[in-house]
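Colleague: I'm new to reading protein models, and I'd like to go through one feature by feature. Could you show me how?

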Amino acid sequence: MSMKNIKKIVLAYSGGLDTSAIIPWLKENYGGCEVIAFVADIGQERRNLEGIEQKAIQSGASAFYMVDLREEFIRDYIYPVLQTGALYEGTYLLGTSMARPIIAKAQVALALKVGAEALCHGATGKGNDQVRFETTYNALAPQLKVIAPWREWNLSSREVLLNYLKERNIPTTASLEKIYSRDENAWHISTEGGVLENPSNAPNKDCWVWTVDPLEAPDQPENVTVTVEKGCVVAVNGEKMSPFHCLETLNAIGIKHGIGRIDIVENRLVGIKSRGCYETPGGTIMVNALRAVEQLVLDRDSFKWREQLGLEMSYVVYDGRWFAPLRKSIQAAAQSLAEKVDGEVVLQLYKGQATAIQKISSNSLYSEDFATFGEDKVYEHRDAGGFIRLFSLSSRIRALNQHKKKK
């Protein structure tokens, strides 16, 4: 499809400097086309959504749509990933990675509904998000043209973008003083740039947005009870809630105690290493609760398999392959394992730590009768000798053969 055939474009709009400049840029460079601004509400701060429609229209958008995806995001994207235990490179809880496919899916749905010929996003050519957006576009609507301004335009700096808007009398609240690049949704907030670009710099206090500094958190711990059914959090402190409200409640509790901070250097998909500070307070509590129930319920081989699923899923999600058959297959396996992951966990929150201190499950494989160090009548200690002899049989044969060779 040529540029001349594009009459209508749906833009994934955030209200920030980049997407504010993208609207007039699209109209100027794609033959005066119509630009529709699309916003996905995935639980970002309400203040970030105030006045966003007016801002989009002032930037030149012909229409504005905002879709509430908060419950769907937690229920259909975050919870299935939690069941797998996915942690990218061992620590990152994939907050941005899980959000992109649901945003792109809703953007595609809107484009098809309004009869647009093209989709547009504001991700840079250095990052992962361009891959995540466009992989989703291609999986769901390959007939639509994809426009990525950061790979086309020559607006190369924040100062140039500000001047671009000023020349066109488009108002913006952005300024040159912005230090950090942030991404926020119900699951997490990430901070990159500024002092963090040098890994030898410790994060400043303003690198952290949501959580209380663990050093300044309450001196008294707080206990929170999390109820798990089939590998999903369904209640907090005995109160049943929707997935989004479970997360929202745990976020509020975790924030007070500085839960869920990580400072990492990660490997981006495009080959660049980047450093970021991530805050995932409620999510960290959820993860620790799920792992505590798994410890009771899953046998050794099942737990090992779940860990392998989590490792694979972390790369699938990070790389934006949400709509690939592989993701569905991994998710199906994880859901099968989670069938018996039911239980209740009490976690103690204290100065940045969320520690499971009590856990029960009706499906627990833990037996005090077998595990006790006291006297028991259910385990024959002498049986272990035969087990060890068989378990180490190959090692024994190998050693005997080496002994014969030496003779």
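Colleague: Let's start with helix packing: at what angle do α1 and α6 pack?

Modeller: First, the naming: helices (H or I, at least four residues) and strands (E, at least two) are DSSP runs, numbered from the N terminus. An axis is a line fitted to C-alpha atoms, for helices over the stretch in contact, and angles run from 0 to 180 degrees between N-to-C directions. Here, helix α1 (residues 17-29) packs against helix α6 (residues 158-167) at about 55 degrees, with the axes 10 Å apart. That makes α1 oblique to α6, since angles under 35 degrees count as roughly parallel, over 145 as roughly antiparallel, 65 to 115 as roughly perpendicular and the rest as oblique. By the way, this is a predicted model: local features need pLDDT of at least 70, side-chain atom pairs count only at pLDDT 80 or more, and totals for chains, interfaces and linings use all residues. Residues are numbered from 1 along each chain as its sequence is written, and side-chain values use heavy atoms, with hydrogens and water left out.

Colleague: Is the crossing of α1 and α6 left-handed or right-handed?

Modeller: A crossing is left-handed if the near helix is turned anticlockwise from the far one by less than a right angle, and right-handed if clockwise. The α1 and α6 crossing is left-handed. Now look at helix α3 (residues 70-84) and helix α8 (residues 281-297): their axes come within 10 Å and cross at roughly 40 degrees. So α3 is oblique to α8, and this crossing is right-handed.

Colleague: Next, salt bridges. How many does a search of the whole structure find?

Modeller: Side chains of opposite charge can pair when their charged atoms come close. We count a side-chain nitrogen of Lys or Arg within 4 Å of a carboxyl oxygen of Asp or Glu. The search finds 23 salt bridges. One of them joins R100 and D183, at 2.8 Å from N to O. This pair links distant parts of the chain, with R100 in helix α4 (residues 95-114) and D183 in strand β6 (residues 180-184), 83 residues apart. Salt bridges can also form a network, and D41, R46, D68 and R70 are linked that way.

Colleague: Are R100 and D183 buried or exposed?

Modeller: Buried means under 20% relative accessible area, exposed over 50%, partly exposed in between (1.4 Å probe, protein chains only). Both R100 and D183 are buried. Compare K205 and D213, whose closest N and O atoms are 3.2 Å apart in their salt bridge. K205 is exposed because its relative accessible area is 59%, whereas D213, at 18%, is buried.

Colleague: And R382 with E380: what N to O distance does that salt bridge have?

Modeller: Their side chains meet at 2.9 Å. R382 has 69% relative accessibility, so it counts as exposed, while E380, at 43%, is partly exposed.

Colleague: What about backbone angles? Which value does phi of N169 take?

Modeller: Most residues other than glycine have a negative phi, and most peptide bonds are trans. N169 isn't a glycine, yet its phi is positive, near 55 degrees. You'll find N169 in the loop between α6 and β6, and its 68% relative accessibility means that N169 counts as exposed. K230, also not a glycine, has a positive phi of about 50 degrees. K230 sits in the loop between β8 (222-229) and β9 (232-236).
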